[in-house]
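Dear colleague,

Please find the structure below, handed over for your records. My notes come after it.

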Amino acid sequence: MATASSPAELTDATRDETSLSRFLQGLPGVDQVGVEARAASLGTRSIKKAAKLWAIDTAISMVDLTTLEGADTRGKVRSLAAKARRPDPDRPDAPPVAAVCVYPDLAATAVEALDGTGVGVASVATAFPSGRSSREVKLADVALAVEAGATEVDMVIDRGAFLEGRYGYVFDEIRAVKQACGDAHLKVIIETGELATYDNVRRASWLGLLAGGDFIKTSTGKVSPAATLPVTHVMLQAVRDWYDATGQLRGVKPAGGIRSTKDALRYLVAVHEVAGEEWLTPELFRFGASSLLNDLLLQRRTQHDGHYSGPDYVAVD
Amino acid sequence: MSDRVSVAKTYKLYLDGKFPRSESGRTYPVTDSAGGFLANASHASRKDVRDAVSAARKAFGGWSGATAYNRGQVLYRVAEVLEGRREQFAAEVAACEGVSTAESSAIVDAAVDRWVWYAGWTDKIASVLGAANPVAGPYFSFTVPEPTGVVGVLAPQSSSLLGLVSVLAPVVATGCTAVVVSSAERPLPAITLSEVLATADVPGGVVNVLTGRADELGPWLASHADVNAIDPTGASREARVDLAQRASNTVKRVLTVPADEPDWTRRPDISRLRRYLEAKTVWHPKGT
Amino acid sequence: MSVWEYAPAPESRDLANLQPAYRPFVDGEFVDGSGDPLTSVDPATEETLAEVGTAAESDVDAAVRAARRAFEQVWGPMPGAERAKYLFRIARLLQERARELAVLETLDNGKPIKESRDSDVPTAAAHFFYHAGWADKLDYAGYGPDPQPLGVAGQIIPWNFPLLMLAWKIAPALATGNTVVLKPAETTPLSALVFAEICQQAGLPAGVVNIVPGAGDIGSAIVRHPGIDKIAFTGSTAVGKEIQHAVAGTSKQLTLELGGKAANVVFDDAPLDQAVEGIVNGIFFNQGHVCCAGSRLLVQESVAEELLGKLRARVSTLRLGDPLDKNTDIGAINSAEQLAKIRELTASGEAEGAERWTSPCELPERGFFFAPTVLSGVEQAMRVAREEIFGPVLSVLTFRTPDEAVTKANNTPYGLSAGLWTEKGSRILWLADRMRAGVVWANTFNRFDPAAPFGGYQESGFGREGGRTGLEAYLHV
C-alpha cells in the first residue's frame, strides 16, 4: 500500500489496514461548533476595490466550468468550451477558466474544442457520482477519460467502504486510479455531504492525500449539501498540515453550491488565511461550478464600469 | 458514705480532628451564669488560627469533593449523635446560658432539628440554585453552585448551641470547611459539639473549633489569605468594620449579619447556604 | 508584499454621529457637570474625539438624590410589567442605533469594528431584552415571593467593553426595580452618554438612570455616598479591594467583578485546530483587554511543539491596524498608560527567561498598538504567569498530567475563568469540577450570554452577572 514519496511516519501509516485505521482515527478531532464559528467569522471579511478585482479574476481562473447532466450533448460541451476559453467576449482581458469538467464520454469533445487554449479538460470517472460499481468498471471509466485526452480526472471514493471503516480498500482504489491516470492530475472527491461529520472529512482528506491525490475535492454536486465553507476549512487545513509534514503542495476543490461572487470571495479568504497565500493559484485551488462564472463576470463588469451590469450582457452557457 | 466524685472534663480545642490544648498554653476560666466555676477553656491564639486554617484547607478537597449524598449522611449522623447526648447538652446550655432545664432542653431539640434541616440540603441546594442556561448558540451551558472554600465563623456570643449550630451547619452543608471561634463566655457546648463531630464521621479538619475571644482571633481570620469567607456574627459591633476592611485585602466574602444577635429559634432560610456558594458556569459546544 | 493585500475597508466614521461635546446625564437631563472637562481620545490615532463634561461630587450628590426620588416615587412602585416595557424599548433602541454605537465604541475604545458590531452592541441589547422579561417575573426567581430591590445602585464600569458593561450593570438593576448612578470609565465615556440619550428616547422616567463621567475621584464619591444602597464595580482587583475596604462596615451591598489570569488547558487529544482558535480568541479578542482572557496557555508536553507551531502560524494571520477597518482583528490598546504597562510586563517576561515571539505584523505609525505576542517557556514563578497583563500577550506553560494541569491552573489568587480542550468527555467534567473559576469554557472560549451567570472566585470578585443568579445582586435576599 505504501507510497514512495511520503516521509517515514506517513509511510508507516499506510503499511497495512490496521496502521491506516489507527493513523486516521488518531487524527485530532474537529469540533463542529468551533470550525463553523471560524468559517463564519472569516466570512465577514470585507474585500473591496483592487483586492476584489484581483480576487474576481483569480476566481475566474480557478473555475472548473462544469456540466454533468444526463442531457449533456456535444453541442453543449462545445458551447461551454467556448465560454471557458473566453468567458467575456467583450472583455478579452477576462482570464480563461482553469478547466471544463464533463463526463468521460464527452471528454474527447471537450479536448477537441479546447485544443491549444491552455484550458484543461477534467473528466469525472469511477462510476461518478455514486461510485457504485466494480473496480474494473471504475478503472475502465478512468481509461476512457485518459485516452480521450482528459488532463484531469475527478474520481469519487467508495463512501460505503469508507463508512464501513475499510480504509485500506479505499486507499488501494485511489492508488489504482492514480496509476491509471498516468500524467493526468487526480482529484479525489470525498463527497462530504455523505460523510456526516467533520472528523470523517478530515480522515477522508488525509486518505486521499496519502493515496496520492493531487487535489481533494468536496463533492460531486449531486448530493446535498455540496461544498460548504467549514468543510472546505477542514480540507484546507489538511493540505496545509500535509505540506507542513511533507513539503508537498496539494490542492483543494470545493464543488457544488458556490453560485455568487460573494461566496467565491469567502472561499478565497479561507484559502488565504487557512492554507496560505501559496494556494491562491489554479494549480492548487479550484471551484467546481457552472453558474458562478457568470456572476463573477457580472461583478467584474461592475467593478470596472462603476455601475451594475445585467445578465443579458454575459453569455449564457 | 460519701458521694461519688465526678470526673471533670478538660475542655480543649478541636483542631484537625484532634483535641489539642492551645499552642500558647493559655486557658481562661468559664463560669456559669451565676458566676460559679465550670471549667478552664483553652484560650486559642493566632497560631491556633493558623493551624486551624491549614487543617480546614487540607480537608476542603475531600469534603467538597465528597458526594452531596455522602455529606448529607455524615451530617445526619451528627444529628443522631447529638440526639443521643441531649441531656449533656441541656445541662451545659442551662449552665452557660442561665436558662431552666426545660428551656435548655427545648434549645437542644431545636439545635438537633436545625442540624437535620441543613443536613437535608446537601443534595438539594444545587438543584435549587443551579440552572441549565438557555444561551443563544449551539452550546450546553449550565451553572452549578460550589463551596467557596474555608470559612471563618465567629459564632454567636449568646446562643451557645442553637446559635452555633445555625451558623456552622450551613457552612459544612455546602461543602465548605470551617474554622469556628466559639462564644467566649459560653464555649463548653461548642467543645462538646466537637466531640459529637469527631464521633460522627465528620472528617478531621472539616470543622475546627477554637475557644477564645472573637475580637482577638477574628482579625487573624479576616486577614488570613487562605480564608475565603467570614461570618462576623460573634464579633462586637466595633470590631466588624475592622474585620470587613481586613477581609477586603483578599476579596473575602463577608456575611451581612444583623447588628444584634437574632432570634435563632426563627425558621431559617437558604440565605446562609447561598453566601457560601459560588456559581460556576460551564459551557460546551453541541456538535457532531 | 503578500500575493493578495486586502484593500482598506473602513466603516464610515461619520456613522458615529460624533458630537464636539458630551455632558453628564442627571435626573433625565444633560447637565453641565462641575468637574473639569476631560477629552476622549481615539487610541488608534491619538486624536481628540470630543470634550466630555465631568461630574463633581455635587453632581454625584444631585444624581443620587434624583435616583432616590425616582426609586421612591416612580420606579420602585411601578409594576414590573411596566418596567419591563421600558427595558424592551431600550433593547430595541440599542438595536436600531447599533451601527452608530458600534462605530462610536470603536472610535472611543480602539477595539476592532467587527467586535463592537458583532459582539459588544448586540450582546448589550440582548442583556436588556433578557432582563426586561424578568421585571414582572421576579416572584419566580427563587428569592421568595415579591423580592424587594435594594434602592439606588452606584455602578462603576471599565473601559474594555464600555457599552456592554453598562448593559450588564443597568439591565439587571432596572429590571429588579433599582435606580442607578453609573460612572463610565474615564477613557471611554461616549457610548454611555449616547445610552443616556436612548433612555430619553425610551421615555424612561427622569432619575432612573444617571450617568456621571469622571475619574477615580468620582468613583470614590459614588462608593462613599451615604445615599447609595449598593455598589457594583467591574475593574481591577486593586481598585476592587479599595472599594470593598471603603464600604466595609456600611450597609451598602457590594458586588465585584475583578481581574483574572485564566488558564487555557490543552490536552493532547484536543481538537487542535479549534483549540488554536480558542487560544487566539481567548487572548487576542479585544486586544486581550478582557478580565477573563485566557492569558496562560497550559499545554500538554506531548503536543506542545505542534500546537505552538500552529498557534504562531495562526497568529501571523491576525490583521492589526485601523480599528474601523472591517478586516481588522487586533485594534488599538486603549491608552498610552495601558500600552506602557503591557510593554513593561512583557519585557519582564523576557528578562525572566521566557522566549518571546511576536507576530511579524506592521504597526501603524500613530496610535497605541502592540503586536500579538506569545511568550513560551514561561514558569509559574514568573510575573507574566501571575500578573494580569490585560493585553495581547500569551504566556505558555506546559504540563504532563491532568493533576499537574489542575494544580497549575488553580495556582493563582484569581478565579474568573478557565478553558479546557480535550475530546474526552469524562475528563472535561472531571476538570470542570476542579477548576476554581466562575466560568469554565470547555472546547470553546469567551462565550457570553445574558442567560449565563458570569463572575469570579476568590480575588476575581464576588457576585454574578447574568441568569437568575445575577438578579441576586440587586435584591434583598
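The notes below concern chains B and C.

This is a predicted model, in which local features need pLDDT of at least 70, side-chain atom pairs count only at pLDDT 80 or more, and totals for chains, interfaces and linings use all residues. Residues are numbered from 1 along each chain as its sequence is written, while chains are lettered from A and ligands numbered from 1 in the order in which they are written.

In chain C, an unreviewed UniProt entry places the feature "active site" at Glu257(C); such annotations may be inferred rather than shown by experiment. Glu257(C) belongs to strand β10, residues 253–257 (strands are DSSP runs of E, at least two residues, and helices runs of H or I, at least four, numbered from the N terminus). Glu257(C) counts as buried because it has 29 C-beta neighbours inside 10 Å (buried means 20 or more other C-beta atoms within 10 Å, with C-beta atoms placed from the backbone). Beyond four places in sequence, its contacts (C-beta atoms within 7 Å) include Thr234(C), Cys291(C) and Glu465(C).

Helix α5 of chain C covers residues 162–175. Since 14 of its 14 residues are buried, α5(C) is largely enclosed by the rest of the structure. Gly177(C), which follows α5(C), has a positive phi, near 100°.

Chain B contains 10 helices and 10 strands. Its C-alpha trace spans about 85 × 40 × 35 Å along the principal axes, and 54% of its 288 residues count as buried. Of the chain B contacts with a separation of 6 or more, 74% join residues 24 or more positions apart.

With kind regards

Terms used. Buried ≥ 20, exposed ≤ 12 C-beta atoms within 10 Å, placed from the backbone. Contact = placed C-beta atoms within 7 Å. Expected span 1.5 Å × (residues − 1).
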